[in-house]
Amino acid sequence: MFAINRILVHIDQDADNTQVLQRTAQLASQTQASVELFCAAYNRSLQQSHLFDKKAEQHAEHGYVKSVESKLEGYANQLERLGISCGVDVYWEKTGVEGLMRKALRDQPDLVIYPLRAHKKLGQWLSGDTEQRLIRECPVPLLLTYGETWRERPHIAACVDPFHHCEQLERLDHTVLDITQAFCSLLGSEMQVVHSYHTLPHSVIFDEHVVTDYAALQQKVQEDHRKVLDKLLASYALDIRNSRVKIVEGESHKALPKYARQESIDLMVMGQVAKSPLDRWLTGSTVTRVQHHLECDLLVVKPPGFVCPVEE
């Protein structure tokens, strides 16, 4: 059974961390989890100013890390005043995302919280590959959050894709549902489930027999997806007739954000499988494409046996 006992929170030393601290406080208070605030600190100009004096460089790095640590301790004091057990840790790390994942590998928290920028398009450009790497490689459940206040009983939806013949993806669907169910239990919510599928548009079908009965084709595809989803949900006391289960048609990166807006979803849970660089180049990442259009928080989980490519 998934439980949240230890939360690792990424703190941006140059940003306003008010919202991510609010999200952390809400989760920690509801789950009684301990919190560790983490920052991978680095200052290029400081390092370049001591190129020929290693001792002075190390002294300057130490002083810089201590100043960042002091800032994090101020945040920790805010959480401790709310009755939350909180510690801090700072690494001198040039690549912040790798520092965060090494920290996660070493300490094995139950959840990593990473703040997203409020201005989506600008934030995507500034963050570069950071969020994509975390989505692909973070070894523990990853909460990407805008810090907006969730309702008292947040609306939480699990995104599943049961229409496949791959054992790894089948295990991933169950992991997504198990973790979503655990979050709902911890936060007093009811689990919602959504599955999106996309049929070929009429214009790209060249078989004249199929074209003449396109409506029947669409109906058959929908029925196939309903049957497979029903089979997946049988062990979760849900079925497609339940109002909390939705099947939406359309490309995932459009259909799922639209569903989240219509249903006022606070948190969407999605699974991410490892892909080769070639596969990522050819097909991209569904989770990343959805996240770019999503206005709510996103929890990304990995299948059992996932191995993080970053060395501890």
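## Crossing of H4 and H6

Helix H4 passes helix H6 in a right-handed crossing, the term for a near helix turned clockwise from the far one by less than a right angle, with anticlockwise being left-handed. This is a predicted model, in which local features need pLDDT of at least 70 and side-chain atom pairs count only at pLDDT 80 or more, while totals for chains, interfaces and linings use all residues. Residues are numbered from 1 along each chain as its sequence is written, and side-chain values use heavy atoms, with hydrogens and water left out. Helices (H or I, at least four residues) and strands (E, at least two) are DSSP runs, numbered from the N terminus.

H4 covers residues 96-107 and H6 covers residues 130-137; the two pack at an angle of about 25 degrees, with their axes 10 Å apart. That angle makes H4 roughly parallel to H6. Angles under 35 degrees count as roughly parallel, over 145 as roughly antiparallel, 65 to 115 as roughly perpendicular and the rest as oblique. The axes are lines fitted to C-alpha atoms, for helices over the stretch in contact, and the angles run from 0 to 180 degrees between N-to-C directions.

On the H4 side, Val97, Glu98, Leu100 and Met101 meet Thr130, Arg133, Leu134 and Glu137 of H6; contact means heavy atoms within 4.5 Å. By class, this contact of H4 with H6 has four nonpolar, one polar and three charged residues. Ala, Val, Leu, Ile, Met, Phe, Trp, Tyr, Cys and Pro count as nonpolar, Asp, Glu, Lys and Arg as charged, and the others, Gly among them, as polar.

H4 has twelve residues and reaches 17 Å from its first C-alpha to its last, close to the 16 Å expected at 1.5 Å a residue. The expected span of a helix is 1.5 Å times one less than its number of residues. Its buried residues are Val97, Gly99, Leu100, Met101, Arg102, Lys103, Ala104 and Leu105; buried means under 20% relative accessible area, exposed over 50%, and partly exposed in between (1.4 Å probe, protein chains only). The cover over the buried residues of H4 includes strands S1 (6-10), S2 (34-41), S3 (86-92) and S4 (111-115), together with H6. After H4 comes Gln108, whose phi is positive, near 50 degrees.

In H6, six of the eight residues are buried, so H6 is largely enclosed by the rest of the structure. These are Glu131, Arg133, Leu134, Ile135, Arg136 and Glu137.

## Helix H1

H1, at residues 18-31, has 14 residues and reaches 20 Å from its first C-alpha to its last, close to the 20 Å expected at 1.5 Å a residue. Val20, Leu21, Arg23, Thr24, Ala25, Gln26, Leu27, Ala28 and Thr31 are the buried residues of H1. Just after this helix, Gln32 takes a positive phi of about 60 degrees.

## Residues with positive phi

Most residues other than glycine have a negative phi. Ala237, although not a glycine, has a positive phi of about 55 degrees. Ala237 lies in the loop between helix H9 (214-233) and strand S8 (245-249), and counts as exposed at 72% relative accessibility.

Ser264 likewise has a positive phi of about 55 degrees and is not a glycine. Its place is in the loop between helix H10 (252-262) and strand S9 (267-271). With 35% relative accessibility, Ser264 counts as partly exposed.

## Pairs separated in sequence

Glu312 is found in the segment after strand S10 (297-301) and is exposed, with a relative accessible area of 53%. Glu312 and Leu105 are 207 residues apart in sequence and 6.3 Å apart in space, C-alpha to C-alpha. Neighbours within four places in sequence aside, Glu312 is in contact with Arg102, Leu105 and Arg106.

Arg226 lies in helix H9 and counts as partly exposed, at 29% relative accessibility. The C-alpha atoms of Arg226 and Pro162, 64 residues apart along the chain, are separated by 9.9 Å. Not counting residues up to four places away in sequence, Arg226 touches Ile240 and Ile247. His62, in helix H3 (residues 54-80), is exposed, with a relative accessible area of 52%. Its C-alpha atom and that of Trp92, 30 residues apart along the chain, are separated by 8.5 Å.

## The chain as a whole

The chain has twelve helices and ten strands. Of its 312 residues, 48% count as buried. Among contacts between residues at least 6 apart in sequence, 78% join residues at least 24 apart.
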